Amino acid sequence: MKPFSNPGMFVEKGELRSVKDRGRRTAFWVSLAAFAQINFIFILYAMSSPMLLWHWGLYIFYALANGAIAWSAWRNWHFRAVLGICYGAMYIEIWVRTYLYAIYPEISATALHVPVLLFLPVFLLLVAEFRTLLGYAVVQAVLVFHFTQNHLASVFGFEASKSDMTEIAAVLAVVSFISLVVLSIVAYSRHKTDKRLIALIRETERLAAEDPLTGLKNRRAFMDDVNGLWAERTPFAVVFFDLDRFKPLNDEYGHAIGDLVLQTVGQRIKTAEGVLSAARFGGDEFAVALALPETGSDLDHVTQHLHHKVTGPIDIEFMQVSVGASFGFARALYDSLSVSDLLHAADTAMMRCKANGGGVAQFDPEQDDISLPSSAISEAFRNALESGQIKPALQPIVDAKTQEVIGHELLARWVDSGLARDPTPAEFIPIAEKLGLLNELLWTTMRVALPHVRDTGHFLSINVCPSQLSSSTFVDDLVAISDQFDFPMDRLELEITEHVAFRNLDANIQTLETARSHGCRIALDDFGSGYSSLSLLEELPLDKVKLDRGFQSKTQKRGVMEATIRLATELGFECCVEGIETAHAAHVATQLGCSQMQGFWFGYPEVIERNIHRLRAVS
C-alpha cells in the first residue's frame, strides 16, 4: 500500500486524495513533531538530573504513542483506531498526572502546566471527528469543574471560599466546554464540506468517463480499462460492433425512438455474460471487453450469445423494433499483438463482417491482414539483432501434478523496433531464416537466458528450424555455448515441429541423435497441427510430445487428446499439453494423464534483460 493512499476510492485524482488524506497528513506531521520534541526534552532533562524509573516510563509511553500515530498515518494501517486509542491514552495520562501532582505536590517539579492542562491542547484534536470532540467536551468540562473546585487553590497556594471556587470552576468548565463545542462545529462543517467536495469530484469523474445516453463508458474510459487488462495480463477479447438498420429506423421514427433503442442495447450489454467493460464510442458504435470463458464453452459461443442478446426484438411503447449488428472480435494475444494491434484487429474483423451482411466474425490474419511489409522487417532486423532490440522471453512449463515450474521455453521478442508496431515472431523468424541469421538469433537469446535458468534447476527448451538442423556445426556450437555458461546439456531440450521433421528426415535424425548423445532431450512440438504422422513417433529420437493448442479449442476433441496422451505414454514419451488458458483446461489435461502443461494460465512469456538475475513465472 502506498503512503497516504486511499484504497477502494472511486477515483485517484489529486484533489480527492488531498481531501481524504488531510487528517492523516496532519496527524503524521503533528505526531512526528511531538516525537522529536519529546526526545529533545528528555535528552535535556537527562543531562541536567538523573532519570527516575517513572521518567523513563513517561518517555517510553509518549514516544511509542506518537510513533505509532505517525507510522499508522504514513502506512494507512487502521489509522482511525490507532489515533483514537493513542490520543485517548494520552488524554487519560495527562489528567491522571495532573491529579497526582495536585495530591502529591512533592513529586512535581512545577505546577505551571496545570492551567494549560485545564483546557485540552488543541493540537491533540486537530484531526478528531466532530462526534469525538463532543464527547471530549463533556468529559473535559466535568474534569475541569472537579479539579478546579477541589485542587486549584491548593496548587497555587491562595485562600478562597468554597462558593468562590465553585463559581470559578463553573466558569472554567463552561469555557472549556464551549471551546471544544466550537471545535466540534468546525470539524462537522469541514466534514460536510469534504463530503460535498468528494461527491462533486466523483460526479465529475463519472460524467467524464460515461456516455450520458446509455450509461456505458466512453471511448477514453474504455481504453483505460483495456490498457489495465493488458497490463495485468488478463485473458480477454475485444468486441467491436455497430448496429445495422439503425439509421433508417432513426430517420423513420425520430431520434427519441433511436435513443430508446440505444439505451436498451446499453442495458443488455451491461447484463451480458462475461462483460469486463463496455462503451459506446458514438452514434451506434459500441465496444466490449469480454473475459475468456473458464468453462468448456469457447469464445465464439459467448460472442454469439452477446450478439443474440443485443439484436433481440425491442418493445418500445406501441411497437416492436429490431436491429441487427455486425460483430468483430479478436482475442488478446500477449506474445504476438500489442493493444493497438488488438483494437485494430477487432475493428478490421467488424468491417469484414459488416461487408458480408452482419453477424459475428473473429479476426483472421489470412483475411484481415495487418502485417508489416516484409521488406521493412528485413531492413531493420540485422540492426535490431546487433543493438539488442531482439530480446529473449521465457514461458514457464509446469509439472501437471504439482503445477510447479520445472522448465521454460525460450522465445524471442522484438521490442522498441521503431516500426509502425513491433514485429511478431511469426513475422521476423522467417526473415531471420532467409537472411541466414537464425543461429545468431538463437545464440544471442541463449546468452542472456542461460544465466537466468542455470541456478533454478529448470530445463530450457529451444525451438529449432530446418536450416539449423542441416548445419554441420549446429550441435558443436550448442555444446560450446552450454559449456561457456556452465549449463548442463541434459537440461537443454530441442523442440522440432512436424514440418521440420519431414524435410531431410534422415539428415535431421542424424543431427538429433548427435545432440541426444551429448545429453539433449528432443521434443516434437505442435503435434496435431500438421500431418501428425504416427510413423514420426517411431522414427525420430524423441523424449517428449507437445500437443498443439488446437486440442484446447473444442470440447469434442477431448477424446482425441486422451488417445494421443495415452499413446505417447505407452511409447515412453513425456507429454506436454500446450495452450492451457483456464483452470478448467488445466484440470482436464491433468485428468487425461499428461505429464507437463504450458500456457497463459501458468505464465506469459516474460521478456528478460541482462541485468535481471532471477526470473519468476507469472502464476
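**Notes on the model**

1. Arg454 is partly exposed, at a relative accessible area of 28%; buried means under 20% relative accessible area, exposed over 50%, and partly exposed in between (1.4 Å probe, protein chains only). Its salt-bridge partner is Asp455, with N to O at 3.7 Å, and Asp455 counts as exposed at 54% relative accessibility. A salt bridge here is a side-chain nitrogen of Lys or Arg within 4 Å of a carboxyl oxygen of Asp or Glu.

2. On the source: this is a predicted model, in which local features need pLDDT of at least 70 and side-chain atom pairs count only at pLDDT 80 or more, while totals for chains, interfaces and linings use all residues. Residues are numbered from 1 along each chain as its sequence is written, and side-chain values use heavy atoms, with hydrogens and water left out.

3. How many salt bridges does the rule give? The count is 16. One of them joins the side chains of Lys354 and Asp244, at 3.3 Å from N to O. Lys354 belongs to helix H11 (residues 339-355) and Asp244 to strand E1 (residues 236-244), so this pair ties together parts 110 residues apart in sequence. Helices (H or I, at least four residues) and strands (E, at least two) are DSSP runs, numbered from the N terminus. Lys354 is partly exposed, at 35% relative accessibility, whereas Asp244 is buried, at 13%.

4. In the salt bridge between Glu574 and Arg521, the closest N and O atoms are 2.7 Å apart. Glu574 is in strand E14 (residues 574-577) and Arg521 in strand E12 (residues 521-527), so parts 53 residues apart in sequence are tied together. Both residues are partly exposed, Glu574 at 29% and Arg521 at 26%. Elsewhere, salt bridges with shared partners link Glu409, Glu495, Lys546 and Glu578 into one network.

5. Is His458 buried or exposed? His458 is buried, with a relative accessible area of 18%, and sits in the loop between helix H14 (438-454) and strand E10 (459-463). Leaving aside residues up to four places away in sequence, His458 touches several residues, among them Val405, Phe487 and Arg491, where contact means heavy atoms within 4.5 Å.

6. Five strands make an open sheet of mixed pairing, in the order E2-E3-E1-E6-E7; two strands pair if DSSP finds at least two bridges between them. E2 and strand E7 (359-362) are at the edges with a single partner strand each, so one side of each has no neighbour in the sheet. From one strand to the next the twist averages 20°.

7. Within this sheet, E1 and E3 are antiparallel over seven bridges, and Phe241 has Phe286 in E3 as its bridge partner. Strand E2 (residues 275-282) is joined to E3 by six bridges, also antiparallel. Five of the seven residues of strand E3 (residues 285-291) are buried, so E3 is largely enclosed by the rest of the structure. In the E2 and E3 hairpin, with two residues between the strands, Gly283 has a positive phi near 60°.

Terms used:
Axes are lines fitted to C-alpha atoms, for helices over the stretch in contact, and angles run from 0 to 180 degrees between N-to-C directions.
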